[in-house]
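Student: Can we go through this model together? I'd like to ask things as I look at it.

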Amino acid sequence: MQHTIAIKENHVFRRLYRQGKNAVSPLLAVYCKKNRLGCTRLGITVSTKVGKAVTRNLVRRRIKEAYRIHEGEFLSSYDVVIVSRVRCAKADFWEIEASLLQLMQQLKLLENKDT
RNA sequence: CGAGUAAGCCAGACAGUCGCGUGCGUCAUAUGCCGAAAGGCGACGUAUGAGGAAAGUCCGAGCUCCAUAGGGCAAGGAUAACGGGUAACGCCCGCCGAAGGCGACUUCAGGAAAAGUGCAACAGAGAGAUACCGCCGAACAUAUCUGUUCGGUAAGGGUGGAAAGGCGAGGUAAGAGCUCACCGGUCGGUAGGAGACUAUGCGACCCUGUAAACUCUAUCCGGAGCAACACCGCAUAGGAGAAUGGAGACCGAUGCAAAUCGGUCGAAAAGGUCGGCCCGGCUGUUCUCGGGAAGGUGGCUGGAGCCUUGUGGCAACGCAAGGCGUAGAUAGAUGGCUGUCAAAUACAGAACUCGGCUUACAGACUUGCUCGCAUC
RNA sequence: GGAGAUGUAUCGAAGAGGUCAUAACGAGCUCGACUCGAAAUCGAGUUGUCCGGAGACGGGCACGUGGGUUCGAAUCCCACCAUCUCCG
């Protein structure tokens, strides 16, 4: 991912959960907040409630892939945290991708290509 | 052909395309960028990139540190037929015994109860100790039935998981391994075996169960763990040293005294800090050493390794020769899409590394053996 | 990744091999007393699940789950499951 770095610190996650705008679907929850770094930071959370290690890895990779494909369409200079919910373990890639795009639309992070 | 049993093996593959970690090569740059510092940072090509259990963390080791980890004793813990294998093991192989199965075969914490101690609730007269009923004998009482007292007795009754090894005969007042025959058990002898053990009318017998009760016997064990640990590097507190400051107290000198000088002790008060306040706790400053949070680098993958052939061994496994050596992340690399194969679906993700055990598991294949049926 | 601890009524929590755990004790819940009414207090009861029964009640299974040792396990031993804590 060319324009995105990872969020590693726990306090950044907690600040986003408390202060960021959020949008929720049955599969995912997204928190976002504008930052001043000039690039986008991404964090992905998959809790142990979703499944065991193999399942969690698969979900995380699918979310990451869905984000990577559409990275150019999102506005930059934001902190974004994507949290997977329990039903995400049974969803396929297409459902996750559609859900992510829908939530990003709700948060108005998509670049408007029509105008 | 069916049913069963034991063992082995695989764990989607291939092609295209976008994307990720690491190694190597080439090119590029840079007295550039990020960072306090240590240290890190690009593009292209190429190679390579999770398991049979990577899991549970139940055993055994390597490795590192702690305090010498070498020996002895004690405590505590572990293991337990016997013989072998192994670096080691509580693992594996073989074998013995016991239990189950028609059988192939499977299962077993399987030492010692004759060193000692404890426990065996309830029930029952009695739980290694016993006389409740009953049976028998004697004495006494009574007209008789019978009763009382003393003694003998474990055959019968009932209780219990278990009642003195079982059963039959003799024997006796009644009974009793009291005696005998048969059948077990333990110990000793003899024979066989490397041994556990097996056989045995050769002898003896203190013959309930429990040691996953204490214990005894034999063998073994120091503790903690890669978030160990080493190096780089940085803040606070606590620690050591040096310098300096200091209300005051004490000692000495000079002096009538005040005071001055020198030495020793020294943060009580005041002030500061924690705290909303009181109470209460802490205590000067500077420098050096040392310590070492967050961070970085190493530890980090070649090891008791795997495969093939030969050879020794019933086997586990050993020996020799040849070949193969290919994850190493650090918020953590394997994913998405398309096509083909009948279908792609089980359990499941390396985190210092090995040897085992245990648990989870869709489906495919191979081999040995057993039983039943049919045919030749 | 590593190291530990704990599982017993609805909740907390005793029980350490023996009469059905009187599932002690405390909280909770239900009913009653007190009160105009409530709270507090006092007294009594219920405690899980399955089967049988009209009911009163009776019986089986239950101490996280499954095995083992024992005449007999909540308790002793082994394996597994769940929950919680600690280590930078």
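Student: Is L75 buried, partly exposed or exposed, and what relative accessible area does L75 have?
Tutor: Keep in mind that this is a predicted model, where local features need pLDDT of at least 70, side-chain atom pairs count only at pLDDT 80 or more, and totals for chains, interfaces and linings use all residues. Residues are numbered from 1 along each chain as its sequence is written, chains are lettered from A and ligands numbered from 1 in the order in which they are written, and side-chain values use heavy atoms, with hydrogens and water left out. Buried means under 20% relative accessible area, exposed over 50%, and partly exposed in between (1.4 Å probe, protein chains only). L75 therefore counts as partly exposed, with a relative accessible area of 31%.

Student: And where does L75 lie, and what separates its C-alpha atom from that of V54?
Tutor: L75 sits in the loop between α2 and β5; helices (H or I, at least four residues) and strands (E, at least two) are DSSP runs, numbered from the N terminus. L75 and V54 are 21 residues apart along the chain, and their C-alpha atoms are separated by 32 Å.

Student: What span does α2 reach from its first C-alpha to its last?
Tutor: Helix α2 takes in residues 53-69, 17 residues in total. The expected span is 1.5 Å times one less than the number of residues. For α2 that expectation is 24 Å, and the model comes close to it, at 24 Å.

Student: Which residues of α2 are buried, and what arc do they cover?
Tutor: The buried ones are V59, I63, A66 and Y67. An α-helix has 3.6 residues a turn, so residues three or four places apart point the same way.

Student: In chain A, where is confidence lowest and where highest?
Tutor: pLDDT is the predictor's confidence in each residue, from 0 to 100. Chain A averages 80, and 88% of the residues score at least 70. The lowest mean, 73, belongs to β1, and the highest, 88, to α3.
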